[in-house]
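Please keep the model open while working through the numbered points.

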Amino acid sequence: MAEVTKDQVAEILEHIATMLELKGENIFKIRAYQNAARGIETFSGSLAQVVGEGKVAEIEGVGKNIAERITEIVLTGNSSYYNILKLEFPPGIFAMFGIVGMGPKKIQAVWKQLDITTVEALEAGCKDGRVAGLKGFGEKTAANILKAMEDMKKHAGRFRIGDVATEAEAMREDLRSLPEVIRVEACGSFRRRRETCGDLDFLVSTKSPESVSEFFVKHEMVESIMAHGATKSSVRLKSGIQADLRVVTDDQFAFALNYFTGSKEHNIVMRQRALSRGWTLNEYRLGVDESPKVTPQPVPEIRDETELYRALGLDFIEPELRENHGEFAAAEAHTLPRLVELQNLRGCFHNHTKESDGRNTLREMADAARELGMDYLGIADHSKSSVQARGLDEARLLAQVAEIRALNEEYAGEFRIFSGSEVDIMKDGALDFSDEIMAQLDYVVASVHSSFQLTEAEMTARIIRAMENKYVTMLGHLTGRLLLQRDAYSVNIGAIIDAAAATGTIIELNANPRRLDMDWRHWAAAKAKGVKTSINPDAHHTSQLAYVSFGVCAARKGWLTRDDVVNCLPLGKVEAALAAKRGASKK
Ligand code: DGT
Ligand code: CA
Ligand code: CA
Ligand code: ZN
């Protein structure tokens, strides 16, 4: 049996808490499981070891009863309590948690009062008025649930890159480790670092296709086999995503790599450029066109993608740029940007601690940031109006500022925590803290967390008013979108970019893989106006600091260089960048 991971244990505990909520159990019992789940997630030691020593109850947040459950899970990979509990619920009911707005209370109400136990039945109940008729629901709630279900269906079959990256990289590296594999890549939208992927497209070159295909379909991450051939196989992985494997010879690899990386739109232009030279290009070769429109040049020998692009009169185009969004003109003119890289980042600014809705302490977050090689970390816990996230009032915020100052003395210049706040933008564009309070912070991230239903004009004016405050250093998650779950609210992004340029406000690139907001398609316009970004993980846990890598992918798709990203600045310079707007403004 493979060792049970902390995440797996925490997930079972979370599920138990959810089921207890559905049963209407008392809140302390529910909290106990939730706290234990958090304790396990943040526990830094070895679970196997504490189980062996009988010391599970010493883990923070874990009581004696739950320690026994955890011990069972670690030893057997299973929980008998969890299994028995599950039997009390209709199996379809858990899928309802995937619908935005459906929490345990609402699910319990439709289940107990209307006998609705599946997503399909819920849809019917919303349409025929039964759900609207429930106490505490009403027409508006029923309409919101229907809308959320439509959004969910629209996205069915796609996966956020953050949910498949681990599997994609593990499969690629496991294929790479086979002695018979010559070259390997995970192509398609994953290699182009799109925010979502429809499927994964693995490509391998080898002299023994059968054994590689065999390895692929029998991999431990495979849930089911859909097709199994020598050169083409398809499987479904544990996450639910389909993965295809193509096997080619090594002299075909460069062409197949280029073709299967795409995008389709990029490929079409590549093929046209080949034709205009009297050649044909497909996934296997570059050859002489049988009825060329021009006198063909001799076909050069091509071993990799750089040589393929060169043959077509182009500089190498990074996979992230292959969307036919202007990369051909730039590659021909040798003006492609040198894209920002993960190792250029020196720190990041939008992070939460236990003080609001994060899971770790200040010190734990700072230690984790140092571990990742960062030189500084910005803390921006929620402000007081974000009640559900335990937002800080003025007194708690100022206490945190003092705590940060004390920690910074310890670091003695080796590392620095910047004190900030994620300040709510109120419905009318006012800010949740006064200027006097914000002046005591190193920076402010201003975000919309409420009143998403405003018209585009109202929302745009609201956000611009917030940007006009000189203490608003940067704008958090501009559109509020949750990938595959919740669409962006209406906002005029062009007008926001203009206002950011006029006021000197940074626009965050929220790197949480559920957000990736502002979208990569808008960064070229922002960059052209001189707007800077900060690639921020919006980390609520030490492990989420690593989200910055997804943000870097999105920034690269947006053609950004290290000069466009304030958190590429070294510690000695970043402070001035944060203070620039305050200093310049006369207000
Ligand atoms: P996805 O899977 O929907 O996230 O997006 P992709 O880009 O990975 O698309 P996929 O998996 O259907 O195909 C992988 C690549 O193969 C695609 O990026 C370009 C190439 N390709 C597939 N179908 C066509 C086609 O009809 N024409 C051209 N030119 N290329 C294609
Ligand atoms: Ca694909
Ligand atoms: Ca595919
Ligand atoms: Zn936020």
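1. Leu 509 has Ile 535 as its bridge partner in β16. Strand β15 (residues 506–510) and strand β16 (residues 533–536) run parallel and are joined by four bridges. Two strands are said to pair if DSSP finds at least two bridges between them. Helices (H or I, at least four residues) and strands (E, at least two) are DSSP runs, numbered from the N terminus.

2. The model is predicted: local features need pLDDT of at least 70 and side-chain atom pairs count only at pLDDT 80 or more, while totals for chains, interfaces and linings use all residues. Residues are numbered from 1 along each chain as its sequence is written, chains are lettered from A and ligands numbered from 1 in the order in which they are written, and side-chain values use heavy atoms, with hydrogens and water left out.

3. Is β15 mostly covered or mostly uncovered? Five of its five residues are buried, where buried means under 20% relative accessible area, exposed over 50%, and partly exposed in between (1.4 Å probe, protein chains only). Ile 506, Glu 508 and Asn 510 point one way from β15, and Ile 507 and Leu 509 point the other way. In a regular strand the side chains alternate between the two faces of the sheet.

4. On the β14 side, strand β14 (residues 474–475) is joined to β15 by two bridges, and the two strands run parallel. Ile 507 in β15 is the bridge partner of Leu 475. The chain passes from β14 through helix α20 (residues 493–503) to β15 in a right-handed β-α-β crossover. A crossover is right-handed if, with the strands pointing away from the viewer, the path from the first strand over the helix to the second runs clockwise. A right-handed β-α-β unit is also made by β15, helix α21 (residues 523–528) and β16.

5. These strands belong to an open sheet of seven, in the order β10-β11-β12-β13-β14-β15-β16, with parallel pairing. At its edges stand β10 (347–348) and β16, each with a single partner strand, so one side of each is left without a neighbour in the sheet. Between β10 and β11 there are two bridges in the parallel sense, and Cys 348 stands opposite Leu 377 in β11. Helix α22 (residues 548–557) packs on the sheet, touching β10, β15 and β16; contact means heavy atoms within 4.5 Å. The direction of α22 makes about 145 degrees with that of β16. Axes are lines fitted to C-alpha atoms, for helices over the stretch in contact, and angles run from 0 to 180 degrees between N-to-C directions.

6. Which residues of helix α17 are buried? They are Leu 397, Gln 400, Val 401, Ile 404, Leu 407, Asn 408 and Tyr 411. These residues cover an arc of only 130 degrees around the axis, which puts them on the same side of α17; the arc is that of the directions from the helix axis to the C-beta atoms. An α-helix has 3.6 residues a turn, so residues three or four places apart point the same way. The buried residues of α17 pack against α16 (362–371), β11 (376–382), β12 (416–424) and α18 (435–438). The face turned away from the buried side of α17 carries the exposed residues Ala 395, Arg 405, Glu 409 and Glu 410.
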